[in-house]
Amino acid sequence: MSMTLPPAAIQALQQGRKIAAIKIVRTEHHLGLKQAKEHVEQYVQQHPELLRQSRLIQPQQNTSTQWVLWILGLLFLIGLLIWQSGG
């Protein structure tokens, strides 16, 4: 069941976008969902460095999300303090 993946699918995997990679494989190889998923998973098993690369990308995304949530929380607390003080 060995199949090379399209470059766009490999790039999607490197970015941690497994679902996008499966969609690309489905489209370019005219496969069903199950078969495309199996091909992508087999490729990832044969190339474990893809998992390490995608894990390096994800903390940056999570960090920016955490900052946004932290700022929103801080603004909420400031608003609550202003409201309680009658301002």
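**Surface and helix features of the predicted model**

Trp-67 is exposed, its relative accessible area being 52%, where exposed denotes over 50%, buried under 20% and partly exposed the range in between (1.4 Å probe, protein chains only). The structure is a predicted model, in which local features require pLDDT of at least 70 and side-chain atom pairs count only at pLDDT 80 or more, while totals for chains, interfaces and linings use all residues. Residues are numbered from 1 along each chain as its sequence is written, and side-chain values use heavy atoms, with hydrogens and water left out.

Trp-67 lies in helix H4 (residues 49-84), helices being DSSP runs of H or I with at least four residues, numbered from the N terminus. Together with Val-68, Leu-69, Trp-70, Ile-71, Leu-72, Leu-74, Leu-75, Ile-78 and Ile-82, Trp-67 forms a nonpolar surface patch with about 1,000 Å² of accessible area; such patches join nonpolar side chains within 5 Å, from residues with over 30% relative accessible area and no salt bridge (a side-chain nitrogen of Lys or Arg within 4 Å of a carboxyl oxygen of Asp or Glu). Accessible areas were computed by the Shrake-Rupley method with a 1.4 Å probe.

In helix H2, Ala-20, Ala-21, Ile-22 and Val-25 are buried, and the cover of the buried residues of H2 includes helix H1 (7-14) and H3, contact meaning heavy atoms within 4.5 Å. The 12 residues of H2 should span 16 Å at 1.5 Å a residue, in agreement with end C-alpha atoms 16 Å apart, the expected span being 1.5 Å times one less than the number of residues.

H2 is followed by His-30, which is found in the loop between helix H2 (18-29) and helix H3 (33-46). Although not a glycine, His-30 has a positive phi of about 55 degrees, and the residue is exposed, with a relative accessible area of 73%.

Methods. Patches are made of residues with over 30% relative accessible area and no salt bridge: like charges are joined within 9 Å, nonpolar side chains (Val, Leu, Ile, Met, Phe, Trp, Tyr) within 5 Å. Helices (H or I, at least four residues) and strands (E, at least two) are DSSP runs, numbered from the N terminus.
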